[in-house]
Amino acid sequence: TVYPLALGSVITLSLLFVRLWRFSGIERGTRKLTQATIEKLVRRDLAGARSLCEASKTPVAKIFLEAMRWRNIALEDLERVIATSRQEAAASLKRGLWVIGTIGSLAPYVGLFGTVVGIIRAFQDMAEHGAGGFEVVAAGISEALVATAAGLAVAIIALIFFNYLQTRAGAIAGVYARSCERFLQA
């Protein structure tokens, strides 16, 4: 049972680093692009605003480009277009996080399974030797305790990372929402 737990921890750490790399600088870049784009829009420089967004790698640039593509539509309709694009961008932030949450919630059960297997092994050893004693059951109990500890360790780490990444994705989605509101106002 320690092998699936080790695999789960490798997957968790891999997804953590991928998401951290993806999230790095995204809030600052979004704020910078929003400010520069709004300055262009206030000056009625739509081509300049579009070129800023085309040059940017931030997800909010795609939202702004989608909004600038629509011309002569009601503000309410433009709000819906932007809201849809913003929700898609926010959903992409959470991609893969369910895996970390699943590992975090399943790891204690895998550890418990290892505990049960270890205790069964201890009882089998007692049955084979025809007597009890610490020497007979020590290996099985040791296996059980290692499985329990490993399951809890993987679960705790995975759930901490899951909650952190969920909170971070929510904060970035909030920045997207505020940027889109400012864009609409401009």
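Here are some friendly notes on the model above, point by point.

1. **Ground rules.** This is a predicted model, in which local features need pLDDT of at least 70, side-chain atom pairs count only at pLDDT 80 or more, and totals for chains, interfaces and linings use all residues. Residues are numbered from 1 along each chain as its sequence is written, and side-chain values use heavy atoms, with hydrogens and water left out.

2. **Confidence.** The protein has a mean pLDDT of 90, with 99% of its residues at 70 or more; pLDDT is the predictor's confidence in each residue, from 0 to 100. Among the elements, helix 1 has the highest mean (93) and helix 6 the lowest (89). Helices here are DSSP runs (H or I, at least four residues), numbered from the N terminus.

3. **The nonpolar core.** The largest nonpolar core holds 33 residues, and those with the most contacts inside it are Phe 64, Ile 82, Leu 93, Tyr 176 and Phe 183. Such a core is a set of buried Ala, Val, Leu, Ile, Met, Phe, Trp, Tyr and Cys residues joined through side-chain atoms within 4.5 Å. Buried means under 20% relative accessible area, exposed means over 50%, and partly exposed lies in between (1.4 Å probe, protein chains only). At least two residues of this core come from each of helix 1 (2-23), helix 2, helix 3, helix 4, helix 5, helix 6 (97-129) and helix 7. Helix 7 gives the largest share, 11 residues.

4. Leaving aside neighbours within four places in sequence, Phe 183 is in contact (heavy atoms within 4.5 Å) with Thr 37, Ile 38, Leu 41, Phe 64, Ala 67, Met 68 and Ile 82.

5. **The largest pocket.** This pocket has a volume of about 360 Å³. For the method: on a 1 Å grid over the protein atoms alone, a pocket is an open set of points where a 1.4 Å probe fits, with protein on both sides within 12 Å along at least five of seven lines, and lining residues have an atom within 4 Å of a point. Grid points are joined across faces, edges and corners, and the volume is the space filled by probe spheres set on the points. Helix 4 (59-69), helix 5 (75-93) and helix 7 (134-185) each give at least two lining residues. The lining divides into 11 nonpolar residues, one polar and two charged; Ala, Val, Leu, Ile, Met, Phe, Trp, Tyr, Cys and Pro count as nonpolar, Asp, Glu, Lys and Arg as charged, and the others, Gly among them, as polar.

6. **The second largest pocket.** Its volume is about 160 Å³. The lining consists of Arg 22, Pro 59, Lys 62, Ile 63, Glu 66, Ser 85, Glu 88, Ala 89 and Ser 92, and helix 4 and helix 5 are the elements that give two or more of these residues. By class, the lining has three nonpolar, two polar and four charged residues. Ser 92, in helix 5, counts as buried because its relative accessibility is 11%. Beyond four places in sequence, Ser 92 touches Arg 19 and Arg 22.

7. Ser 179 lies in helix 7 and is buried at 5% relative accessibility. Not counting residues up to four places away in sequence, Ser 179 touches Thr 30, Thr 34, Val 60 and Phe 64.

8. **Backbone points to look at.** Most residues other than glycine have a negative phi. Arg 44, however, has a positive phi of about 65°. Arg 44 sits in the loop between helix 2 (26-42) and helix 3 (46-55) and is exposed, at 73% relative accessibility. Asn 72 also has a positive phi, near 55°; Asn 72 lies in the loop between helix 4 and helix 5 and is exposed, at 83%.
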